[in-house]
Amino acid sequence: MRAADLDIRKLLDVDARGGVVRFAGERAVILDAGALGTLREELVRLAGFAGARAVLTRFGVEHGARMAEAMVSRLPWDSEAELHGAGALLHTLQGFIRLAPGDTTPLASRGATLLSSYEAEQHLLHLGRADEPVCWMLAGIASGYMTRATGEAVYVIEDRCIARGDDVCHFQGRTRAAWGGALEEHLPFFRESVLDPSVREAAPPRRAMGRALHAKSSALPLAAPWGEPATPLVAESPAMQRALDRARRVAPVDSTILLTGESGAGKERVARLIHGASARAAGPFVAVNCAAITETLLESELFGHARGSFTGATHDRAGLFEAARGGTLLLDEVGEAPPGVQAKLLRALQERQVRRVGENTSRPVDARILAATNRDLAADAAAGRFRRDLYYRLRVIEIRLPPLRERREDVLPLARALLAAASRRLDRPVAGFTPEAEGALERHGWPGNVRELENAVEHAVALARGGVAALDDLPDDVRGAAPAGGGVEEPAARTLEGVERRAILAALERHGGNQARAAAELGIGASTLYRKLRRYARGAG
């Protein structure tokens, strides 16, 4: 049999009276695409993007493997190549994708290109434009199918995605050895799946994942909002590159990490990066601000409490150490934790157990601990303001995040990425900054670091007239900044693309955002201008 012989009328069997639908001989159900999109949205909001990706990828792997098993066991194939090529056509018939003409399998040297993707369509509809490829289930389906069809573990990765603003979705499939180091950041999302033929007892890990996701939902009031767009990580400066390189290197290791740096430098964002690149990526990420809660309440929130242990304790409640089971717990502003809580934190870290308030029994802890502070904990420990033993227990690995004033190379790229995110969030078509606005952004000292920059960019997007943010749209303190001293220099040279970008944005400002007039002045077509503005809006400039 050849792949081209697949016929939906022969594959689909419907027993209208019995209510049984079979596809390729296997029991199937028909679900509305919009309802699946809503399920996807809820997964992201509950488990975050990393957790949702892991669940959907592994679901896809299972689905793809079962389809391949049905194809192998029920149909006689002319060749292995026909079996491989049947996968994409099979999932086209199921309504998941529309394959580009001539493409048959992601294992081909050029990969496989999708002209349409159910998953990208639903992500755009329910969650808006993404910053990364999001056809997670489709990548899992292709991985599971090709693994079963070829007899060796195949990992399919998406590198272009319609949901990200690309024209098409593109997938490439390779073995682990062929991928090499490029696969490492994707591996956590495939683990404990049918890609490893030796892993057949999948039920216990899945039940553990379910418990972790349920625990996460109970911790939502104190956790960072799930599914919110994260501040982009930009690292063109050597200092930030070193920090992120260390974060990525230690992410797979379960060691405790202390993140230090000024307020607004991006400590929580890096903590999320570490969690997402770890083996715990499918588990919950729970963050608690130790400075924002009173000592009595903080102890209860961290360790839980028994019913009747204090006024208002009407039922047993698990703490955040338990809620983060299988995932990561971030102790933000840990330097502000009261002495009594510090002692119990030390015990929890040493013994890997917690005791709920009002109980005499201890419970095991299975959470990776990250801590963050804007204080000099070494000085506080030396002065007796912070427990020295707890400091060393937290500081197994320390990652210092430089303030924005020490990473001047990152200011404009980060501002452009933040502008693209704010434009989408506020639904305002602002494509970039004028040269005068960019100059002010470069000169400002940014005492509030990335958080201050993010607020300044949103201010500019909200006030911008037309398609470009001008100098007058920036906050007063940023707009009026004098050139910084102390050896901070303007970049000595501009790239050709940078010169082009500035010319385009300046023309837009002169014409009040009118793209047709700006294109006419620049001597380019309106479609060319629109295409370039789209690229700027995606933060590619």
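Below are my entries on the salt bridges and the cores of this predicted model.

**Entry 1: salt bridges overall**

I began with a search of the whole structure, and it gave me 23 salt bridges. I picked a few to look at by residue.

**Entry 2: Arg280 and its partners**

I went to Arg280 and found a salt bridge to Asp254, with the closest N and O atoms 3.0 Å apart. Where do the two residues lie? Arg280 sits in the loop between helix H9 (267-276) and strand E9 (285-289), and Asp254 in the loop between helix H8 (238-250) and strand E8 (257-260), so this pair ties together parts 26 residues apart in sequence.

Next I checked accessibility. Arg280 has 12% relative accessibility and counts as buried, while Asp254, with a relative accessible area of 46%, is partly exposed.

Arg280 also forms a salt bridge with Asp366, where the closest N and O atoms are 2.8 Å apart. I noted that this pair, too, links distant parts of the chain: Asp366 is in the loop between strand E14 (363-364) and strand E15 (368-373), 86 residues from Arg280. Asp366 is partly exposed, at 37% relative accessibility.

I then looked up Arg375, whose side chain meets that of Asp380 in a salt bridge of 2.6 Å, N to O.

**Entry 3: the nonpolar cores**

I turned to the largest nonpolar core, which has 36 residues. Which members touch the most others? They are Leu138, Tyr145 and Phe171. I listed the elements that give two or more residues to this core, among them helix H2 (33-74), helix H3 (80-93), helix H5 (136-150) and strand E7 (169-175). H5 gives the most, with nine residues.

I took a closer look at Phe171. Leaving aside neighbours within four places in sequence, I found Phe171 in contact with residues including Pro106, Leu114, Cys135, Leu138, Val156 and Ile157. Gly111 and Glu158 are also among the contacts of Phe171.

Last, I noted another core lying apart from this one, made of 32 residues, including Phe321, Leu329, Leu345 and Leu346. A reminder to myself: in soluble globular proteins, nonpolar side chains tend to be buried together.

Conventions: Residues numbered from 1 in each chain as written. Predicted model: local features only at pLDDT ≥ 70, side-chain atom pairs only at ≥ 80, totals over all residues. Heavy atoms only, no water. Salt bridge = Lys/Arg side-chain N within 4 Å of Asp/Glu carboxyl O. Helix = DSSP H or I, 4+ residues; strand = E, 2+ residues; numbered from the N terminus. Buried < 20%, exposed > 50% of the residue type's maximum accessible area, 1.4 Å probe, protein only. Core = buried A, V, L, I, M, F, W, Y, C linked by side-chain atoms within 4.5 Å. Contact = heavy atoms within 4.5 Å.
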